[in-house]
Amino acid sequence: MNTDPQSYELLLVPGFTAGDGAGAGGSAGALRSAVVVATGKTGASGYPRYVGDGMEADIDPETRSVEAVLVDGAELDYGISVRVAPAE
């Protein structure tokens with residue numbers, strides 16, 4: 001039985017920011033957000049693949065680290081990072 005989370009909220013933020021997006025402020029300050037859902041497939045990184053709202057990411061469910069991400073089919077621009085928050 002797979003116990004990996006079935007969805008996350010991805011937050012694109014300018015530069016590196018501390019925190020995981022789950023604390024006070026949540027998506028405040030995010031340039032863009034998207035709820036992504038599990039596809040049941042594994043990405044090239046070996047972690048579960050999540051897609052939704054123009055974003056595609058391989059996320060390590062144990063650490064909530066984004067191992068790979070595409071936004072509208074392209075890699076992130078320099079100066080942009082992604083945070084993972086529980087989907088609401």
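This is a predicted model: local features need pLDDT of at least 70, side-chain atom pairs count only at pLDDT 80 or more; totals for chains, interfaces and linings use all residues.
Tyrosine 8 has proline 86, a residue of E6, as its bridge partner. Strand E1, which covers residues 7-14, is joined to E6 by seven bridges, and the two strands run antiparallel.

These two strands are part of an open sheet of six strands, arranged in the order E5-E4-E3-E2-E1-E6 with antiparallel pairing. Strand E5 (65-71) and strand E6 (80-86) form the edges, since each of them pairs on one side only. On average, and with direction ignored, neighbouring strands of this sheet are turned by 30° against each other.

The side chain of tyrosine 8 also deserves attention. The count of aromatic pairs comes to one. In this pair, the ring centres of tyrosine 8 and tyrosine 50 are 5.1 Å apart and the ring planes stand at 65°; planes over 60 degrees apart count as edge-to-face, and therefore the pair is given that name. The pair links distant parts of the chain, because tyrosine 8 lies in strand E1 and tyrosine 50 in strand E3 (residues 48-52), 42 residues apart. Both tyrosine 8 and tyrosine 50 are buried.

Tyrosine 50 leads on to methionine 55, whose contacts beyond four places in sequence include Tyr50, Leu10, Leu12, Val36 and Leu70. Methionine 55 is placed in strand E4 (residues 55-60). Its relative accessibility is 2%, and because buried means under 20%, methionine 55 counts as buried. Valine 36 is 19 residues away from methionine 55 along the chain, yet the C-alpha atoms of the two are separated by 7.1 Å.

Technical notes. Residues are numbered from 1 along each chain as its sequence is written. Side-chain values use heavy atoms; hydrogens and water are left out. Helices (H or I, at least four residues) and strands (E, at least two) are DSSP runs, numbered from the N terminus. Buried means under 20% relative accessible area, exposed over 50%, partly exposed in between (1.4 Å probe, protein chains only). Contact means heavy atoms within 4.5 Å. Two strands pair if DSSP finds at least two bridges between them. Axes are lines fitted to C-alpha atoms, for helices over the stretch in contact, and angles run from 0 to 180 degrees between N-to-C directions. Rings of Phe, Tyr and Trp (its six-membered ring) pair if their centres lie within 6.5 Å; planes under 30 degrees apart count as stacked, over 60 as edge-to-face and the rest as tilted.
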